[in-house]
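Please have the sequence and the model open while reading.

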Amino acid sequence: MLGGAVLALLGACAPPEPPAPALPLDPRVSMAPDVLLASGSPLVVPQANGLQRISLVLANPSAQDRPVMHRVEWFDAEGQPWPTNLSSPRRMTVPRFGEAFVTGIAPHARAVSFRIVIERDPLAPGR
Amino acid sequence: MPLPAFSRPGSLATAALLAVLGLSACAENIATTRIDPHADRSEMGMGLDARDFEEAAGAAVQSMLSSGRLDKPSGGRYVMAISRMTNDTMQRIDTDQLVKKIRVDLLNSGKVVTTTAVGLDGAEDPMAMRARELRGSREFSQANVAGRGRMVAPDLSLSGKILQRNVRLDGGAQRVDYYFQLTITEIASGLAFWENEIPISKRGSNRSVSW
């Protein structure tokens, strides 16, 4: 009983864990819950040739590098997926206390919408 | 003097057999399964696999389209021929694993179309020239035989090289760096229209092979 009381007191004195970064609210960004990165809304820049260029910044507030896999999926005006090697998954490491950018370009002028998917790299060391 | 029990030939053979049976019983039984290329979680080797070619091709096409160099000033599409693609790695690679992916994406972008009638070692598809041998043949309707002067010469040429460099690291590890070097040349001027190098690096055990 005394031991339990001591443990309860020690637990009460323990510093609280830092809150996990909030999941992105932009529906165009799909981030797995275990990625633990912060991001905003993607920047969309239409080019003169009709192709959209996109950019999304990922921020890592933790003290550990975060290896992730990301891909950009493209859709036409009807919401149908646009198959392209531009949507192939790519590996990236967001450095500790740093930022990294996910960039992409539309495979065709008719690929007008997109979704950025970010998940933890399943083959990274220490997984 | 009789031999000790452990040195008798019969007992040694029995012990060896039991050891082999025991080890085989512990061996992992790996069943054959299909891999979904869109969700490939399989282990990675030190050599190049399909995922690496996809990543390299995607990065190359993204760079090509982002550069704006493939936007033809007069509108329409550029015609591209495939030139020398060198494999400078220790692996047996068909460079078409990279080139075909690039061609497909460029075609689907509406910016570039590839000619199969002109190639470094002859036409990729000789049928375009072969079909022209039907001119004048009375067996074939000449209405849909390809006429003279209809083939389109290429404006651009795609060439490149895949390099490999191995480096031994401390602690029994090794690093392999692959470089996908690509160039698009404007045939009329002979100038490099677009260039890029896509690196893919891997780190693994010294016991893994990259050939």
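## Where the chains meet

In this predicted model, 20 residues of chain B are in contact with 22 residues of chain A, contact being heavy atoms within 4.5 Å. The area buried between chain B and chain A is about 1800 Å², with carbon and sulfur atoms giving 47% of that area; buried area is the accessible area (1.4 Å probe) that two parts lose on being put together, summed over both.

The rule finds 1 salt bridge across this interface, a side-chain nitrogen of Lys or Arg within 4 Å of a carboxyl oxygen of Asp or Glu, and the side chains of A:Glu119 and B:Arg41 meet in a salt bridge at 3.1 Å, N to O. On the side of chain B that touches chain A, α2 and α3 of chain B each supply at least two residues, and the largest share, 9 residues, comes from α2(B).

## Helix α3 of chain B

Helix α3 of chain B, residues 96-109, has 14 residues and reaches 19 Å from first C-alpha to last, close to the 20 Å expected at 1.5 Å a residue, a span taken as 1.5 Å times one less than the number of residues. Helices here are DSSP runs (H or I, at least four residues), as strands are (E, at least two), numbered from the N terminus.

Among the buried residues of α3(B) are B:Leu98, B:Ile102 and B:Leu106, where buried means under 20% relative accessible area, exposed over 50% and partly exposed in between (1.4 Å probe, protein chains only). The elements covering the buried residues of α3(B) include α2 and β1 of chain B. After α3(B) comes B:Gly110, with a positive phi near 80°.

## How to read the values

Residues are numbered from 1 along each chain as its sequence is written, and chains are lettered from A in the order in which they are written. Local features need pLDDT of at least 70, side-chain atom pairs count only at pLDDT 80 or more, and totals for chains, interfaces and linings use all residues, while side-chain values use heavy atoms, with hydrogens and water left out.
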